[in-house]
Amino acid sequence: DIEFELAGLTSAQTFCQQAVEHGSDVHILEVGNQVRTRIETLLTKQLDLESDWSEFQFVENKAFAEFAEEVRDFGALKTKVDVSKCKVVIKPAFPGFKCSAELTTMNKESCHCVTNSKSVSTTMKDPSGTIVPTQLRTKSGTMWGIEYLPKVTGKHTLEVSVNSQHVAGSPFDVTVQSTDTPVLTIGRE
């Protein structure tokens, strides 16, 4: 019975690891709730062994302890993102229009690295220091759209963090241009 339950936990751990590495935020949260329920069920299960308990010496399995800790902290997963390798592309910005930047999360090998939305945070300020609300949109597990609606022209700052650490280059200068400023000029004036 114990070996069967251990095999089930090992399988669950492998499944959760794959879900975190390859699943969407919704899938990860759904799996997290299922795992939490299963762990709680296993922890409350009473085993009826015929042997005398004094004959056994119980040692906590380190892998299980680490797994239980990961499940407990499921809502705030740390990922293997290397903030020094992440890339941010700022697109042209104009007051009164929805504008955007794009974050690509990378690992230390400079490969795309999946992370969850709770790991990414953004803050934008206009030239006077007033907060400009930003909205994070998932494009894929490794690409994030950062949307904002600037109200004034001038130099804004955009801070982008993953796992509470600034990505390379953050804070970024974002120049919000007047709509009178030509973006592309063809020919001569």
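Reader: Hi! What should I know about the model before I start?
Author: It is predicted, so local features need pLDDT of at least 70 and side-chain atom pairs count only at pLDDT 80 or more, while totals for chains, interfaces and linings use all residues. Residues are numbered from 1 along each chain as its sequence is written, and side-chain values use heavy atoms, with hydrogens and water left out.

Reader: Thanks! How many salt bridges does the structure hold?
Author: Four, where a salt bridge is a side-chain nitrogen of Lys or Arg within 4 Å of a carboxyl oxygen of Asp or Glu.

Reader: Which residue does Lys98 meet in a salt bridge?
Author: Glu147, at 3.9 Å from N to O. Lys98 sits in the loop between strand 1 (87-90) and strand 2 (99-104) and Glu147 in strand 6 (residues 143-148), so the pair ties together parts 49 residues apart in sequence. Strands here are DSSP runs (E, at least two residues), numbered from the N terminus.

Reader: And what about Arg137, which residue is its partner?
Author: Glu147 again, with the closest N and O atoms 3.2 Å apart.

Reader: Nice. Is Lys98 buried or exposed?
Author: Exposed, with a relative accessible area of 62%, whereas Arg137 is partly exposed at 38%. Buried means under 20% relative accessible area, exposed over 50%, and partly exposed in between (1.4 Å probe, protein chains only).

Reader: New topic: what does Asp173 pair with?
Author: Lys155, in a salt bridge of 4.0 Å from N to O. Asp173 is in strand 9 (residues 172-176) and Lys155 in strand 7 (residues 154-162), 18 residues apart.

Terms used: Helix = DSSP H or I, 4+ residues; strand = E, 2+ residues; numbered from the N terminus.
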